[in-house]
Amino acid sequence: MIMFGNNFDKVAEYYNNNAHAQKIAAKRLIEILKGMGESNLQSILELGAGNGILSNLIKNNFDYENIISTDLAYNFLKFNGEPLKVQCNISKLPFKNQSFDNVISSSTLQWIDDLDKLLKEIKHVGKKSFKGAFSIFLKGTFYEMDKVSKLTGFGNILAMKESRYYLENFYKHGFNVDFCHEEKHTIFFDSVREFLNSHKRTGATVKAKKPTTKSNYNSFLKYYKKLFSIKNKIPVSYNIGYYIITKQAGK
Ligand SMILES: C[S@@+](CC[C@H](N)C(=O)[O-])C[C@H]1O[C@@H](n2cnc3c(N)ncnc32)[C@H](O)[C@@H]1O
């Protein structure tokens with residue numbers, strides 16, 4: 001098992017029941033591809049496929065030749081029903097030049113520190129006529145948790161980028177952005193505790209900057225509810241970017 005910063009390997013068995021926002025992101029990405037008239041996807045590489053939420057939707061909505069599912073987390077790939085799976089770091093893809101017609105990824109690219117490296121890899125493995133489709137969590141996701149963490153010292157969120165960052169990098173690396181759309185979603189939980197448990201079980205947690213105490217945990221529960229609850233429900237904001245890209249002519 002490869003060890004890395006987040007907790008995806010540890011939560012694989014709980015992920016599917018808790019990945020509410022990730023399911024929305026994957027579903028919207030499929031709707032966007034269909035809305036653009038896509039019906040046949042050929043040979044597909046999926047980056048950070050997890051247990052296969054996106055690939056299952058691809059299967060039910062498109063004709064295609066084959067899908068190769070990649071992920072760093074061994075335990076996630078164990079739950080992924082695709083026959084072709086490769087455990088690897090997507091910033092160092094073990095595939096030849098121009099191997100794929102499509103590169104797709106949902107809810108993963110926000111975890112990549114070196115986007116330059118990843119985009120070079122995508123360019124390398126994508127055919128000239130390649131099409132990429134990505135959903136990415138953007139700044140604004142976990143807006144409430146970010147505010148209350150800063151106030152109480154409990155918890156921490158992943159530093160996410162604005163849409164502009166991805167657009168600039170796609171162009172810089174020789175891609176055209178054929179479609180981009182930013183969409184906000186709010187999911188409501190019955191309590192802050194329920195949200196924290198569910199969030200933990202998606203693996204998308206980031207180590208707190210300071211050691212956690214019972215007292216700052218209790219303050220977090222109290223202030224999240226006090227500042228943000230709506231009719232006794234606990235809102236959690238997500239901001240998701242959707243991008244369809246192709247290679248610029250001659251690149
Ligand atoms: C939030 S999950 C999304 C999984 C799936 N795409 C979905 O829609 O449910 C993020 C996934 O990215 C994977 N991941 C994160 N960084 C990675 C990297 N550098 N290389 C490969 N996979 C990575 C994690 O292991 C995890 O399965």
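Seven bridges connect strand E5 (residues 126–137) with strand E8 (residues 234–247), and the two run antiparallel. Strands are DSSP runs of E with at least two residues, helices are runs of H or I with at least four residues, and both are numbered from the N terminus. Phenylalanine 137 stands opposite isoleucine 240 in E8.

This is a predicted model, in which local features need pLDDT of at least 70, side-chain atom pairs count only at pLDDT 80 or more, and totals for chains, interfaces and linings use all residues. Residues are numbered from 1 along each chain as its sequence is written, and side-chain values use heavy atoms, without hydrogens or water.

E5 and E8 belong to an open sheet of seven strands with mixed pairing, in the order E3-E2-E1-E4-E5-E8-E7; two strands pair if DSSP finds at least two bridges between them. Strand E3 (85–87) and strand E7 (175–189) each have a single partner strand, so one side of each lacks a neighbour in the sheet.

The ligand is surrounded by 18 residues, the closest being Tyr15, Gly48, Asp71, Asn89 and Ser106; a residue is counted if one of its heavy atoms lies within 4 Å.

| Residue | Protein atom | Ligand atom | Distance |
|---|---|---|---|
| Tyrosine 15 | polar side-chain atom | oxygen | 2.7 Å |
| Leucine 72 | polar backbone atom | nitrogen | 3.2 Å |
| Isoleucine 90 | polar backbone atom | nitrogen | 3.0 Å |

The protein covers 97% of the 600 Å² of accessible area that the ligand has on its own, by the Shrake-Rupley method with a 1.4 Å probe.

Note on methods
A polar contact is a pair of N or O atoms within 3.5 Å; within protein, one must be able to donate a hydrogen and the other to accept it, and residues adjacent in sequence count only if both atoms are side-chain atoms.
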